[in-house]
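Visitor: I would like to learn how to read charged side-chain pairs and their surroundings in a model. Could you take me through them step by step?

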Amino acid sequence: MVPRYGLLTRRQEEVPLKSISVTLSIYEFVAGVSATLNYENEEKFPVEAFFIFPVDDDSAVYSFEALVDGKTIVAELQDKMKAHTSYNDAIAQGHQAFLLEEDISSRDVFCCNVGNLRPGSKAALTLKYVQELPLEPDGALRFVLPAVLNPRYYLARGSENSNLKMKMPVFAMETLPYTLSMTATISSQHGVQKVESTCQLTPLEYLGNDQTTAQISLYDGHRFDRDVQLLIYYCEVHTPSVSLEIGKPKTNADSLMGENTAMVSFYPNIPEAQPPITCGEFIFLMDCSGSMQHPLNKREQSKMRIDIAKETLILLLKSLPVGCYFNVFGFGSTYESFFQDSVKYTQHTMEEALRKIRHMKADLGGTEILTPLNAIYGSPTIPGHPMQLFVFTDGEVTDTFSVIREVKNSRKKHRCFSFGIGDGASTSLVKGIARATGGTSEFISGKDRMQTKALLALTRSLQPVVEELSLSWSLPAGLCAHVLSPEQSVIFRGQRLIIYAQLSGPMTSTEARGEVCLKYTLQGKSFETKVAFHLQPKSDANFIIHRLAAKSLLQIKDMGFRQTPANDKKEVLKISLECGVISSHTAFIAINKDLDQPVQRPLVRRDIPRPLLISSFASMPRGFGRGVVKAQGLGGKQKKKCMSLREISPEMGRTPPSTNMTNLETQLEGEVFEENRLVQLISLQKADGSWDLNEGLALVLGFSVEDLLAAFPFKNMDSSSWATVLALIWLHCNGKELQSEWDLLARKAVAWIHINIGPAIHQLLEAAADLLKSTVDPERIIAS
């Protein structure tokens with residue numbers, strides 16, 4: 001059953017959670033977070049409170065403690081079943097107890113239980129975690145404090161014991177009864193340049209003259225209507241480095257915590273391969289659930305998510321190489337595909353796909369992603385065309401471990417590039433499916449452009465695979481390195497690579513130095529990146545590097561409370577308990593037995609409301625609290641539904657558009673694209689990279705067809721040559737800021753020009769530049 005979400009305000013119950021305060025410490029590309037949940041029981045009865053909240057999937061939660069009426073109680077990490085028993089026994093005996101656990105179905109959702117909070121009593125629960133910060137294409141480090149926990153859609157075979165099935169109340173933003181405050185300290189030896197955010201921040205304040213340390217805070221009164229996102233810009237982020245942390249004393253020799261641990265950060269200078277790959281099977285799996293009708297962000301006049309997704313799909317289709325294969329799936333409670341099986345990329349199949357994209361709607365209900373994935377992986381492979389899967393979703397599913405397992409089982413036949421759309425997207429799902437296949441994951445929120453990130457992923461997928469990756473160490477005699485990170489099989493141009501390793505043996509000299517070298521081959525050529533470092537491990541009371549290393553191992557081996565194989569479960573428990581990093585098989589438990597007298601039952605249950613936009617609640621799609629017709633679960637025999645031309649034709653008695661994609665009405669009438677000349681121009685490009693000279697192109701360029709023909713230097717030449725040159729010049733003049741989005745399709749156009757236009761190209765370029773009053777050197781355009 002899907003839970004119903006109701007407003008707590010109707011019952012006028014007290015909410016014991018009063019505030020959340022966060023202290024953030026960012027050093028280089030690692031974030032340390034300390035979040036304190038402040039509770040107070042203002043009722044006349046003892047309370048047991050439950051609070052569900054999101055945490056980023058990459059977070060290594062390593063500490064939990066309670067400050068109750070002035071007394072500190074440090075929690076112990078235990079086997080999850082043992083922790084539950086301890087909690088229930090403590091509550092039954094009238095003791096105060098506090099439980100923190102990862103949800104049984106998703107590693108980025110946590111539940112905090114506060115048991116036997118006496119009338120008038122106060123409790124401050126503090127959890128601490130660390131995480132690596134991902135690097136954005138523009139060099140920014142992205143930190144996200146998840147604040148929005150969207151409702152989760154329940155898979156046909158989802159977990160029955162998920163905390164997300166509790167009937168958690170919902171508050172409108174303006175009446176949410178608790179507040180959030182956050183202060184961040186940012187440090188880098190390279191200098192802190194600036195910080196940007198989707199939320200209102202205080203001015204950046206430097207704490208020294210060298211601008212290597214700065215502080216910033218959320219403005220008072222922050223509302224939970226979005227995730228808190230920081231984009232941190234250093235003066236230099238691409239320098240490789242090694243950080244060495246001393247091990248924990250008096251620890252077993254075989255423990256991960258016992259030896260010194262290194263975190264190596266590489267930023268390989270991988271050259272762009274020439275020519276790029278022109279083969280492949282490209283599958284685009286697009287979320288068409290009801291929530292995709294919502295705006296991407298809270299900015300005024302923000303586009304609907306489904307509209308941005310449609311623009312992105314057009315860009316992706318136009319940028320595909322000639323001769324590849326492709327298909328598009330839309331999914332929700334059911335799923336549909338454009339074609340029964342993947343088809344060869346031609347002008348005809350591209351036109352058919354574009355017609356269907358124009359009429360895609362966010363009308364497929366919830367987020368049942370397992371079934372279309374099963375259908376995709378069950379289709380026959382195309383020899384010589386490795387599969388590249390692009391998944392776009394703003395939704396949440398409860399049992400992310402089942403989805404990740406399905407993707408992981410097919411990791412040898414494809415790579416998955418995933419995109420989380422909007423605040424509240426599941427980091428566990430989006431990052432997990434990409435990690436399982438050696439792909440990349442991206443999140444689109446705030447001012448981010450889905451198109452830019454999707455085209456970057458497509459560019460990466462078209463690059464030849466980096467092969468023969470190896471790591472070698474040059475260390476003093478008696479010292480050896482043991483790599484902890486999972487074997488890396490794929491790296492992409494412009495991607496940072498982080499590797500963890502244990503250094504075993506004596507550190508004899510304070511002046512000793514070591515070196516680590518990353519080697520790889522690309523298109524038969526060998527490359528390497530070296531990093532030299534001092535063998536002087538630093539101490540850290542929180543053992544951040546050790547815990548991040550443990551988290552990287554847990555992400556690979558921990559496949560959920562019910563999914564992890566028996567052999568891996570034993571290792572997961574060992575790593576989790578020894579390193580103090582929570583897993584799906586462990587939980588933190590704190591018990592206060594020092595009360596002057598046990599709390600008398602019965603307890604009053606209080607579910608802490610989580611923030612959810614009231615507009616989302618009011619227009620909640622099928623699958624969220626209403627009846628829903630689901631697709632069959634994994635292994636079902638549901639036949640996939642292909643969209644026919646009849647199904648996607650316009651309604652209201654209008655004549656279906658012509659199959660001729662140069663028709664002005666077909667190209668420019670769409671509600672989504674008519675205000676965007678760049679998208680209009682791109683939608684007019686043919687599959688081979690050329691443009692036709694027609695009314696649609698003339699309208700984008702600001703001329704009539706007659707004006708364009710009059711300026712054509714060669715009256716007896718195919719007008720497509722003139723149209724293609726004009727389109728390319730216009731792109732370089734008017735779309736420079738978005739070049740990353742049209743660069744691939746422009747390269748197709750340049751390749752077409754070199755094949756189809758002879759010596760006349762130079763005269764055409766000059767004439768086009770003169771007509772469009774271009775200041776861009778036309779010769780550089782066709783040489784790029």
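Guide: Let us begin with accessibility: a residue is called buried under 20% relative accessible area, exposed over 50%, and partly exposed in between, with a 1.4 Å probe and protein chains only. This is a predicted model, in which local features need pLDDT of at least 70 and side-chain atom pairs count only at pLDDT 80 or more, while totals for chains, interfaces and linings use all residues. Residues are numbered from 1 along each chain as its sequence is written, and side-chain values use heavy atoms, with hydrogens and water left out.

Visitor: How many salt bridges does a search of the whole structure find?

Guide: Side chains of opposite charge can pair when their charged atoms come close. A salt bridge here is a side-chain nitrogen of Lys or Arg within 4 Å of a carboxyl oxygen of Asp or Glu, and the search finds 24 of them.

Visitor: Where do Asp743 and Arg747 lie, and how far apart are they in the helix?

Guide: Helices (H or I, at least four residues) and strands (E, at least two) are DSSP runs, numbered from the N terminus. Asp743 and Arg747 are four residues apart in helix H17 (residues 739-756), so about one helical turn separates them. Their salt bridge has an N to O distance of 2.9 Å; Asp743 is partly exposed at 23% relative accessibility, and Arg747 is partly exposed at 31%.

Visitor: Which residue forms a salt bridge with Arg142?

Guide: Arg142 pairs with Asp448, their closest N and O atoms being 2.9 Å apart. This pair links distant parts of the chain, 306 residues apart, with Arg142 in strand S10 (residues 141-145) and Asp448 in the loop between strand S25 (441-444) and helix H7 (450-461). Arg142 counts as buried at 6% relative accessibility, and Asp448 counts as buried at 15%.
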